[in-house]
Amino acid sequence: MTYKETLDWMFGQLPMYQQKGTAALNAKLDNIIHFCNVLDNPQHKFKSIHVAGTNGKGSSSHMLASILQEAGYKVGLYTSPHLKDFRERIKIDGEVVSKNFVKEFIAKYQSFFEYNKLSFFEMTVGMAFSYFAEEKVDIAVIEVGLGGRLDSTNIITPEVALITNIGMDHTQFLGDTLEKITLEKAGVIKSNIPVVISETQPETKMIFNLIAHQLKSDIVFADNDPATGYRTDLLGDYQQRNINGVVACIHQLKNFEVPERAISEGLQNVVKNTGLMGRWQILQKEPLVVCDTAHNKEGLQLVLKQVEKQSFNKLHMVLGFVKDKDVRSVLTLFPKDAHYYFVKPAIPRGMDAEQLKELAEEQGLKGEVCKSVSMGLKEALKHSAVADMVYVGGSTFVVAEVV
């Protein structure tokens, strides 16, 4: 198969949460354990940092990778989802995995995948672990896909775990309270392995402390001793919370020499070192066009606060969501004085733009339906003056169509 045919097979043949939602989830570790046994357990052949949380785990993972690269290490980075190309999920020192590796890996294990009905995520995790082991990385930063306890990545024994924060997202899988979600995320805490919590939250602190105590794991709440004086090239004031957790995580990392210079340079060169996209990304300046992948209540609250701090005459919002989010409650966060361009991200899970408009109008949000994300942005730009601002977001999949 060509690279494109390989991807078509991966996306089409196998269920994928990003495309199909609940039906794609296989909430147990049996498949990934079996697959990694077949692969000769590559996850035991490199050191790692495990990153979980509701918001900020992607940015934090990229920050960690950038810092470790600046310290001179060969660094693997596994994240999800991708924005433009599947290979963004698997990187070493900022370089994406080769098309050949992807093609050959899938070809080699295709019959295994079909026979054992592996999910898209399970085979992707196996591919990443195999690649990092084969390329002999010094350390890999592994981002959890969904939850923690039963996530396919949770077969690693990391040097340290980082949990960014806990919010109400994926409640149909993880539970309908912060406490239940915390128990799932805390599943990445391993016996005698330090864990860093980026943000102290009253509803979650006791649970984290209890589980860490049971497992004899050192626990650090990073915001008790904030990492002041650091700056990052990732825009948005909310990144300070991620910096706190990342710096504390680096300080917990044993057997790796990470000088102060590497922390400072790593934080300031995240985009250059890792190729991160979609976090308060400025697409143009006149008018100001910003996109952000925030897609749940907690994440959008932070991003919309950032929007409020900008200087503009009029605000235009290109907005789209997926069906399985609590869109009605999220829409209450959005400003009523903006003009909206309602769009449907081009995936099966995308919420119909007409339906989104109806829900938005219930909240007093006014705007028009556009046929696609690109048409929405085009319309917003057409109606924008130089001193206006255009925001594109609501879903990772909306952002993927404009970056």
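# Briefing on a predicted model: helices, sheet and salt bridges

Helix H8 (residues 178–185) and helix H9 (residues 202–214) have axes that come within 9 Å and cross at roughly 35 degrees, where axes are lines fitted to C-alpha atoms, for helices over the stretch in contact, and angles run from 0 to 180 degrees between N-to-C directions. Helices (H or I, at least four residues) and strands (E, at least two) are DSSP runs, numbered from the N terminus. This is a predicted model, in which local features need pLDDT of at least 70 and side-chain atom pairs count only at pLDDT 80 or more, while totals for chains, interfaces and linings use all residues. Residues are numbered from 1 along each chain as its sequence is written, and side-chain values use heavy atoms, with hydrogens and water left out.

**Helices H8 and H9**

- The crossing of H8 and H9 is right-handed, a term that applies if the near helix is turned clockwise from the far one by less than a right angle, with left-handed used if it is turned anticlockwise.
- On the H8 side, Leu 178, Glu 179, Thr 182 and Leu 183 meet Glu 203, Thr 204, Ile 207, Phe 208 and Ile 211 of H9, a contact being heavy atoms within 4.5 Å.
- The buried residues of H8 are Leu 178, Ile 181, Thr 182, Glu 184 and Lys 185, where buried means under 20% relative accessible area, exposed over 50%, and partly exposed in between (1.4 Å probe, protein chains only).

**The open sheet**

- Eight strands form an open sheet in the order E4-E3-E2-E5-E1-E6-E7-E8, with mixed pairing; two strands pair if DSSP finds at least two bridges between them.
- The edge strands, each of which pairs on one side only, are strand E4 (95–96) and strand E8 (219–221).
- Helix H6 (residues 120–134) packs on the sheet, where it touches strand E2 (75–78), strand E3 (90–92) and E5, and its direction makes about 15 degrees with that of E3.
- Strand E1 (residues 47–52) pairs with strand E5 (residues 139–143) in the parallel sense over five bridges, and within this pair Ile 49 stands opposite Val 141 in E5.
- E2 also pairs with E5 in the parallel sense, over four bridges, with Gly 76 opposite Ala 140 in E5.
- E2 and E3 run antiparallel and are joined by three bridges, with Tyr 78 standing opposite Ile 90 in E3.
- In E2, Val 75 and Leu 77 point one way whereas Gly 76 and Tyr 78 point the other way, and all are buried.

**Salt bridges**

- A salt bridge is taken as a side-chain nitrogen of Lys or Arg within 4 Å of a carboxyl oxygen of Asp or Glu, and by this rule the count comes to eleven.
- In helix H1 (residues 3–13), Asp 8 and Lys 4 lie four residues apart, about one turn of the helix, and their side chains meet in a salt bridge (2.9 Å, N to O); Asp 8 is partly exposed at 42% relative accessible area, whereas Lys 4 counts as exposed at 56%.
- The side chains of Arg 261 and Glu 70 meet in a salt bridge (3.7 Å, N to O), and this pair links distant parts of the chain, with Arg 261 in helix H11 and Glu 70 in helix H4 (residues 57–70), 191 residues apart.
- In helix H15 (residues 353–362), Glu 361 and Lys 357 lie four residues apart and form a salt bridge whose closest N and O atoms are 3.0 Å apart; Glu 361 is partly exposed at 38%, and Lys 357 is partly exposed at 22%.

**Loops and backbone features**

- Asn 269 lies in the loop between helix H11 (260–268) and helix H12 (270–274), and counts as buried because its relative accessibility is 17%.
- Leaving aside residues up to four places away in sequence, Asn 269 touches Ser 66, Glu 70 and Asp 233.
- A cis peptide bond with omega of about -5 degrees joins Ser 80 and Pro 81, and Pro 81 has its place in the loop between E2 and E3.
- Another cis peptide bond joins Glu 286 and Pro 287, with omega about -5 degrees, and Pro 287 is found in the loop between strand E9 (281–285) and strand E10 (288–291).
- Lys 216, in the loop between H9 and E8, has a positive phi near 55 degrees although it is a residue other than glycine, and it is exposed at 64% relative accessible area.
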